Amino acid sequence: MPIPTAATITQEFLRLISDGRRHEVKRLQNELRQIFAITEDEAAQRLPSGRESVLSNRFRNATFTMRKRDLVRFDEDGAGVMIAENGR
């Protein structure tokens, strides 16, 4: 299975945090890897620049978009996240 798009990650991310509680970002990343059945080889794929993995890039793009659209609220240190009113 190919690595999902940022839009697909966004949809699943919002579903996972829809309970309104605080969730650890690292745990959510692991859950998403399991949900999308991403293998170790797929997770290791790098962008052409070689600086970042494709999966990390898509996850970062998804979270950036959710934050800009005020769909989620991150802790000050970025370790935790909650759904915002606009994300419900």
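**Close-up views of a predicted model**

**View 1. Ala37 sits in the loop between H2 and helix H3 (40–44)**. Helices are DSSP runs of H or I with at least four residues, strands are runs of E with at least two, and both are numbered from the N terminus. Phi of Ala37 is near 50 degrees, a positive value in a residue other than glycine. The model is predicted, with local features requiring pLDDT of at least 70 and side-chain atom pairs pLDDT 80 or more, while totals for chains, interfaces and linings use all residues. Residues are numbered from 1 along each chain as its sequence is written, and side-chain values use heavy atoms, without hydrogens and water.

**View 2. Asp70 lies in the loop between H4 and strand S2 (72–74)**. Phi of Asp70 is near 60 degrees, a positive value in a residue other than glycine.

**View 3. Helix H1 (residues 6–16) crosses helix H2 (residues 25–35) at roughly 120 degrees, and their axes come within 11 Å**. This makes H1 oblique to H2. Axes are lines fitted to C-alpha atoms, for helices over the stretch in contact, and angles run from 0 to 180 degrees between N-to-C directions. Angles under 35 degrees count as roughly parallel, over 145 as roughly antiparallel, 65 to 115 as roughly perpendicular and the rest as oblique. On the H1 side, Ile9, Glu12, Phe13, Arg15 and Leu16 meet Leu28, Glu31, Leu32 and Ile35 of H2 (contact means heavy atoms within 4.5 Å). The residues of this contact comprise six nonpolar, no polar and three charged. Ala, Val, Leu, Ile, Met, Phe, Trp, Tyr, Cys and Pro count as nonpolar, Asp, Glu, Lys and Arg as charged, and the others, Gly among them, as polar.

**View 4. The axes of H1 and H4 come within 8 Å and cross at roughly 65 degrees**. Ala6, Ile9, Thr10, Phe13 and Leu14 of H1 meet Arg58, Phe59, Asn61, Ala62, Thr63 and Met66 of H4. Seven nonpolar, three polar and one charged residue make up the contact of H1 with H4.

**View 5. The largest pocket has a volume of about 210 Å³**. A pocket is an open set of points on a 1 Å grid over the protein atoms alone, where a 1.4 Å probe fits, with protein on both sides within 12 Å along at least five of seven lines; lining residues have an atom within 4 Å of a point. Grid points are joined across faces, edges and corners, and the volume is the space filled by probe spheres set on the points. Of the 14 lining residues, Gln29, Asn30, Arg33, Leu55 and Phe59 are the closest to the pocket centre. H2 gives the largest share of the lining, five residues.
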